[in-house]
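Dear colleague,

My findings follow directly after it.

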Amino acid sequence: MKAKDIMTQEVAIIRGSATVAEAVRLMRLKEVRALIVEARHPEDAYGIVTETDIIAKVVAYGKDPKQVRVYEIMSKPCIVVNPDLNLEYVARLFANTGVWRAPVIQGELLGIISVTDILMQGDFLENPKLVYLQQKLQEAISNARSISATSGDDSKAAAEAWELVDEIEAEAGFYGALKADKTAKELFFERESQPVSIS
């Protein structure tokens, strides 16, 4: 699944010059935990103001929300997500940055995605990435062996097929697959080079 598959398309937007009181009223009205702060011009970055920003920077210090402006407490530029980014990468981005929601942008604002979206709508229970990669790896190895047998080990098609095997193995390793002493490609060519004994 990708970010665009589970993002919330209806996004609550506010101006940076709005007061925190206005932001809170909009959050309550839309029943959201974050507002996207609109860009002032095409070259400007989007910002974000969250419930945590309001609690930690306004409420915790007894400040008057009618006197504090959104631009004083927002994050700008904010972490943004490409709509075609796979969910595990969105989750990793959130984990590495400590951000729990981000606008989905590709040229324009398309939506917003949060950890709750990933948890509630993600397909990680049914389709864990590592299991998927291991299945793809077996298919790629079988395909590479077949191409090597029909086109020859030194053919361009075989080289491309084994390159795909290497890429999938590397990605699976990134997700925690046990690293073998030798790659599937090395094992294949090692077996191919062994002399055949005739008894």
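The accessible surface of the chain in this predicted model comes to about 12700 Å², of which carbon and sulfur atoms supply 52%. Of the 199 residues, 34% are buried. The charged side chains number 23 positive and 30 negative, and the centres of these two sets lie 8 Å apart.

As to the fold, the chain contains 9 helices and 5 strands. Their order along the sequence is α-β-α-β-β-α-α-α-β-β-α-α-α-α. The chain is more spread out than a compact globule, because its radius of gyration is 25 Å, well over the 16 Å that the globule rule gives for 199 residues. Along the principal axes, the C-alpha atoms fill a box of roughly 90 × 30 × 25 Å. Among contacts between residues at least 6 apart in sequence, 58% join residues at least 24 apart.

I also examined one helix in detail. Helix α7 covers residues 129-151; at 1.5 Å a residue, its 23 residues should span 33 Å, and the distance of 32 Å between its end C-alpha atoms therefore agrees with expectation. Its buried residues are Lys129, Leu133, Leu137, Ala140, Ile141, Ala144, Ile147 and Ser148. Just after α7 comes Gly152, with a positive phi of about 100°.

With kind regards

Notes:
Residues numbered from 1 in each chain as written. Predicted model: local features only at pLDDT ≥ 70, side-chain atom pairs only at ≥ 80, totals over all residues. Heavy atoms only, no water. Helix = DSSP H or I, 4+ residues; strand = E, 2+ residues; numbered from the N terminus. Rg over C-alpha atoms; globule rule 2.2 N^0.38 Å. Buried < 20%, exposed > 50% of the residue type's maximum accessible area, 1.4 Å probe, protein only. Contact = heavy atoms within 4.5 Å. Areas by Shrake-Rupley, 256 points an atom, 1.4 Å probe, with all protein chains shown as cover. Lys, Arg positive; Asp, Glu negative; His and termini not counted. Charge placed at Lys NZ, Arg CZ, Asp CG, Glu CD. Expected span 1.5 Å × (residues − 1).
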